[in-house]
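Me: I've got a model open and I'd like to go through it label by label. Can you back each one up with a number and a cut-off?

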Amino acid sequence: MDKKEILSKFSTDPERYYKVKLFENEGFMRKSCTTCKRFYWTIDENRVNCPDHSDDTYSFIGNPPTKKRFDYTQAWKEVESFFQKNGHTSVSRYPVVCRWRDDLYFTIASIVDFQRVMGSKVVFEFPANPLVVPQTSLRFKDLENVGVTGRHFSSFCMIGQHSIPNSQGYWKDECVNLDYRLVTEQFGVDKKEIVFVEDVWEGGGSFGSSLEFFVKGLELGNAVFTEFQGDLTNYRTLDQQIIDMGAGLERFAWITMGTPTAYDCCFGPITSNLIEQTGIDTNSELLVRYFTEIAKNFERFNDLSEVRKNAIKSAGLSNEQIDKIITPLEGIYLIIDHIRTLIFAISDGALPSNVGGGYNLRMMLRRIISTMDRLSLKFDINDMIDAQIDYLNDTYPELEETREDVKTIITIEADRYENSKFRMQKIVSKLNQKPTVDDLIRLYESDGVTPDYLKEMKVISDIPSTFYSKLSELHQSKKQKAQDQLSLEGLPETELLYYADDPKEFDAKVLKSFNQYVVLDRTSFYARGGGQEPDHGTIGGFDVVDVNKHGNIVLHELKGGAIKEGDTVSCIVDSQRRDDITKNHTSTHILNSSSRSVLGSWVWQHSAFKEEDHARLDITHHSALTDDEIVKIENLANSVVDKNMSVTIENFDRGTAEQKYGFKIYQGGIVPVKSVRIVSIEDFDTEACGGTHVKKTGEIKLVKITRTKRIQDGVVRIEFVSGDTALNYTKQHDVDLARESAELKDKAKLKEKRQEQKQELRERLPILVENITECKIGTNNVDEIVVDITEPGKPNFCSAMNDQYDEFFHISLGERLIEKDPLMVYCGIFEDGDRIRAIIYSGEQVGKDKKAGDIAKAVSEVLGGAGGGTQRFAQGGGKDKSKKNDAIEKAKTMVLGV
Ligand SMILES: [Zn+2]
Ligand SMILES: [Zn+2]
């Protein structure tokens, strides 16, 4: 359906779609813009154009139409108190990380707070009616405009005014009446200044009329009346009509302050502090002139650089004024805006990364740093975070809790960026032509090179206007769900016994049986879900190998046969397997909360898997875990096990559960049903979960982390075991440790023994040498040292190859022997690891044909290696341990010639 078609249809019947009581009471006239023909309502007789085409457009800059001035915080107090005194409940903002919708990463509007998707239908759940909410909303499509246009933000506070027309709520008349009074009475704008423009809204199969309200060309809000469903030829009134009035708090503050930009009044004293730090000469007359032109030109040109060029021309700015005033101001505005968005997003548990929603956060931090570098701005990011949280405290006191966590994450991320700069420089230096938008996207996607960095490096002068919107489209999350191919139509929901008495043996009726699948009227077999693996066991004597849920019908997969429809079969669940999985599952909850309390508030369950003998939990965290962190997480988890805490399960209405426990309950993802099953481990952990859990944490006995690994940017995997598997794991681990330490002990003992032997030898060596050389003639054996003493004047030979002797011994003995007996040749052979080594000494008078070097060479050859040295001393060796005797014989033959 085309919005234009709806609008033209509705505009033909303004009495029905647009005329509210207020218009009649106050004498509003319906007019058509002389330029664009759009219809609008005003009490100003002289007005001839719609707000977009009037001369007074943005004339509030430098000349606010209110007597009172309200900054951002004060503006909310005004709005809140107005709606409260008119019967509204003021609701706290919802997280900006939209965990209750799987089609959105971030909360983009206040109405999203109350939308829950069930199947293909969106249902509304209001905690009060009517209500008002200061909803921080994140939008990344207009990033290029932020800081430049004076009114675009990456996050803004949407004043959400919502009502369901029933006995408590109201419909169009009261809504428009309230909005009119808010602007005129509470904010003091002259009645003549407010203009309501006719418009329409459509989305998700429903549509309705809407009235945008403007003051001095600035759109303050838009009251949408979601009223119909169907198409234009055939539509009917919705059962659940909704008023969705969204207004920009930033704009309410801006119109009362009349500052050159909305950035000047929406960050409290922070903007002016930063400007002061840089010493920019802020000529307010010049800024009023320039930003009024920017605002007017914005609607006229599609390309932002055209808007800027024309504004500069119309405002008559010199190049120097642009460089010295406008450009640095734009940088400052961008920096404060982006930091505020990062604070909200990180506080609510999002992490900068290269995937999903984290993507935009990384981009924004890199823009902040690049902008500071490009403009040589030396702001302290931590100081800016502190200043923002201090300023936001009145409206958003919850940010205080995560103040330090936000700083931690931003510091880590900023360091990462600094560290990647060298690599980025290299990539940029290889660019040989001006990159296209697609090049820019590729450069960022694959190399992390931001266009702001390229601007900083002067590779490009402007960031193409389509870059951010293209990028943001690329990273829209649209989960595709697999379609059921099985024909289970007409079957009733399976009665889930595992949520009731959970019998491990039960009888059930076979409702359907096809191929290897069977559907029963009731089952105690847990169907795969929430990362928990299915139960095994038998149905009618056949093994159950898989169990899955299709809608509310449980499908069992059997092995080895089929059973007859209509039969009653007996079923047995493998209770050992179930118990082990259950312990691992409950341990997942414990480890998740333990990780959050050890690491930081940004830790959320990313995904989980629980099998019988092992499990894993993936958490969101910026870095790999250190050994110290792992120990702390494990210890905390086991202290919860030791305390034997009670695990309780309660069912709540979803809205009640969210209000009572907050959105942390959605660790395992969104819950697509109205009733939420809340699993609490006393006050340690509370999650919405459909799995099986122990009754007391003590049943788990032990949780043991076996391995951790950073599996993607911002996600760390914790592999673990629990229960008897963990006990066995540690037992085995202890055995391994004991063995290792025994081996170490043996080695130490051996070393000690060697030391003793060495000492002993040192003392005995002179006697030994004496004994060896004094065996006058013949073959002797002294301490397992074989000695051949021949006739005087002929060479003598001595060898040793007992294992108790080492290098030190052979060298000491050989040296002393040839000193004492110059006709002596000594050959020592010993094992050194997997090698055999030989040490040879030849006495001075032995002769040139019996050089130690030659003997070592020959001996080594026998041993399968190589060796050599001088006439007096040589060494060598080989690997063949079976040749030790042969080697000695070889040496002996060479010396004695036998
Ligand atoms: Zn117009
Ligand atoms: Zn659970």
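Reply: Let's begin with pLDDT, which is the predictor's confidence in each residue, from 0 to 100. The protein has a mean pLDDT of 90, and 97% of its residues reach 70 or more. Residues 477-485 fall below 50, and beyond near neighbours in sequence that stretch has eight contacts in the model (contact means heavy atoms within 4.5 Å). Housekeeping: this is a predicted model, where local features need pLDDT of at least 70, side-chain atom pairs count only at pLDDT 80 or more, and totals for chains, interfaces and linings use all residues. Residues are numbered from 1 along each chain as its sequence is written, chains are lettered from A and ligands numbered from 1 in the order in which they are written, and side-chain values use heavy atoms, with hydrogens and water left out.

Me: What makes the four residues around the zinc ion (ligand 1) its donors?

Reply: Distance. Donors are N, O and S atoms within 2.8 Å of the metal (3.2 Å for Na, K and Ca), and water is not among the atoms, so sites may look incomplete. Here Cys 33 (SG), Cys 36 (SG), Cys 50 (SG) and His 53 (ND1) sit at 2.1 to 2.4 Å, so they count as donors. Along the sequence their spacing is C-x2-C-x13-C-x2-H. Cys 33, in the loop between β1 (29-32) and β2 (39-42), and His 53, in the loop between β2 and α4 (72-85), are 20 residues apart and link distant parts of the chain. Helices (H or I, at least four residues) and strands (E, at least two) are DSSP runs, numbered from the N terminus.

Me: Why is Cys 33 called buried, and what is His 53 called?

Reply: Buried means under 20% relative accessible area, exposed over 50%, and partly exposed in between (1.4 Å probe, protein chains only). Cys 33 is at 1%, so it is buried. His 53, at 32%, counts as partly exposed.

Me: Why is the site of the zinc ion (ligand 2) called tetrahedral?

Reply: Four donors count as tetrahedral if all angles lie between 85 and 135 degrees; four count as square planar and six as octahedral if opposite donors are over 155 degrees apart and all others between 65 and 115; anything else is irregular. The four donor atoms of ligand 2 subtend 99 to 130 degrees, so the arrangement is tetrahedral. Those donors are His 585 (NE2), His 589 (NE2), Cys 689 (SG) and His 693 (NE2), at 1.9 to 2.1 Å. The site of ligand 1 is tetrahedral as well, with angles of 94 to 120 degrees.

Me: Where do His 585 and His 589 lie?

Reply: Both are in helix α17 (residues 575-599), four residues apart, about one turn of the helix. An α-helix has 3.6 residues a turn, so residues three or four places apart point the same way.

Me: Which is Tyr 58, buried or exposed?

Reply: Tyr 58 is at 4% relative accessible area, so it is buried. It lies in the loop between β2 and α4, and has a positive phi of about 60 degrees although it is not a glycine.

Me: And what about Lys 37, buried or exposed?

Reply: Exposed, because its relative accessible area is 53%. Lys 37 lies in the loop between β1 and β2, and its phi is positive, about 70 degrees, although it is not a glycine.
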